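Subject: A structure to look through

Dear colleague,

I am passing on a structure for you to look through, and my notes on what was found in it follow just below.

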Amino acid sequence: FFFKQKTAYEIAQRLVGSEMCIRDRYNSCARAMENSSVQRELERALSIQKAMFNEGNITCEYTKHLLGCSYLSEKKESDAVTLWKEVFETSFAKKHTNLLMVCVGSLGKYHLDKKEYAQAFEYYEKADSHIKELIKEDFKETPQFKDSRADTYRLISAFYNNFGGLKMRLERPGEALKLFEAALSCGKKCNDEESIQDANDWIN
């Protein structure tokens with residue numbers, strides 16, 4: 001079957017509301033990825049941001065993630081993965097849910113493209129532990145994006161669809177079905193037709 005792994009760009013393009021400025025910057029950088037100067041500009045931007053903000057600031061982390069994408073486009077895979085891992089751990093520790101979902105998408109796709117399913121599973125499973133706690137607390141403990149639950153539900157729905165697809169690859173259909181059902185539930189909570197359709201396609 002076809003593994004429907006959403007890219008980080010596809011996920012990031014759907015961020016709205018309180019993340020509008022981040023999304024616009026993200027999209028602009030994504031479009032500029034063809035430009036050979038984008039890597040230098042991102043490195044410069046990250047240097048300035050580090051001087052302005054505290055360690056782990058979400059603006060810096062989004063830029064680091066984008067810089068990783070730029071490195072990957074230049075075939076600097078090791079540098080890209082190193083940055084993504086840093087962003088993943090920071091967003092996990094600080095409960096930056098939306099960024100965590102974007103980052104696990106990048107790391108997951110990277111390892112899946114290389115058929116490194118165990119490594120991809122490790123990131124999905126850790127991110128899933130955060131999501132379970134987040135939903136259990138009904139977002140009460142989330143320091144960022146308090147007014148954008150719909151955006152977060154969209155990202156979580158996409159995450160569940162992708163994690164379920166990975167479990168199908170690992171021949172764990174029962175577990176995968178539960179994830180697809182969770183994706184469907186999250187998609188309905190935010191009225192996201194794409195997430196709902198993706199989940200239904202997997203279930204059916």
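**The chain as a whole**

The chain holds 10 helices and 0 strands, and, before anything else is said about them, please bear in mind that this is a predicted model. Followed along the sequence, the pattern reads α-α-α-α-α-α-α-α-α-α. Of the 204 residues in the chain, 50% count as buried. If you take the contacts between residues at least 6 apart in sequence, 64% of them join residues at least 24 apart.

Helix 4, which covers residues 58–73, packs with helix 6, residues 97–113, at an angle of about 15 degrees, and their axes are 11 Å apart. Angles under 35 degrees count as roughly parallel, and helix 4 is therefore roughly parallel to helix 6. The crossing of these two helices is left-handed. On the side of helix 4 the contact is made by I58, E61, Y62, H65 and L72, while helix 6 brings N98, L99, V102, C103, S106 and Y110. Sorted by class, the residues of this contact are 7 nonpolar, 3 polar and 1 charged.

How many of the residues of helix 6 are buried? The count is 15 of 17, and helix 6 is accordingly described as mostly covered. Its length also agrees with expectation, because 17 residues at 1.5 Å a residue should span 24 Å, and the end C-alpha atoms of helix 6 are 24 Å apart. Helix 6 is followed by K115, whose phi is positive and near 60 degrees.

Helix 5, residues 77–93, has 17 residues and reaches 24 Å from its first C-alpha to its last, which is close to the 24 Å expected at 1.5 Å a residue. The buried residues of helix 5 are A80, V81, L83, W84, V87, F88, T90 and S91.

**Two lysines in loops**

K75 has a positive phi of about 65 degrees although it is not a glycine, and K75 lies in the loop between helix 4 and helix 5. Is K75 buried or exposed? Its relative accessibility is 69%, so K75 counts as exposed, the cut-off for that word being over 50%.

K95 is found in the loop between helix 5 and helix 6, and its phi, near 60 degrees, is again a positive value in a residue other than glycine. With a relative accessible area of 34%, K95 is partly exposed.

Helix 8, residues 149–169, packs with helix 9, residues 173–189, at an angle of about 165 degrees, with the axes 8 Å apart. Because angles over 145 degrees count as roughly antiparallel, helix 8 and helix 9 are described as roughly antiparallel to each other. Helix 8 passes helix 9 in a left-handed crossing. The residues that make this contact include Y153, I156, S157, Y160 and N161 of helix 8, and P173, E175, A176, L179 and A183 of helix 9.

Helix 8 contributes R154, S157, A158, N161, G165 and M168 to the contact, and helix 10 contributes S195, D198, A199 and W202. By class, the contact has 4 nonpolar, 4 polar and 2 charged residues.

A183 is found in helix 9. At 0% relative accessibility, A183 counts as buried. Which residues is A183 in contact with, once its neighbours within four places in sequence are left aside? They are S157, Y160, N161 and A199. A183 and S195, for their part, are 12 residues apart in sequence and 7.1 Å apart in space, taken from C-alpha to C-alpha.

With best wishes

Terms used: Residues numbered from 1 in each chain as written. Predicted model: local features only at pLDDT ≥ 70, side-chain atom pairs only at ≥ 80, totals over all residues. Heavy atoms only, no water. Axes fitted to C-alpha atoms, helices over the stretch in contact; angles between N-to-C directions. Helix = DSSP H or I, 4+ residues; strand = E, 2+ residues; numbered from the N terminus. Parallel < 35°, antiparallel > 145°, perpendicular 65-115°, else oblique. Left-handed = near helix turned anticlockwise from the far one by under 90°. Contact = heavy atoms within 4.5 Å. Nonpolar A, V, L, I, M, F, W, Y, C, P; charged D, E, K, R; others polar. Expected span 1.5 Å × (residues − 1). Buried < 20%, exposed > 50% of the residue type's maximum accessible area, 1.4 Å probe, protein only.
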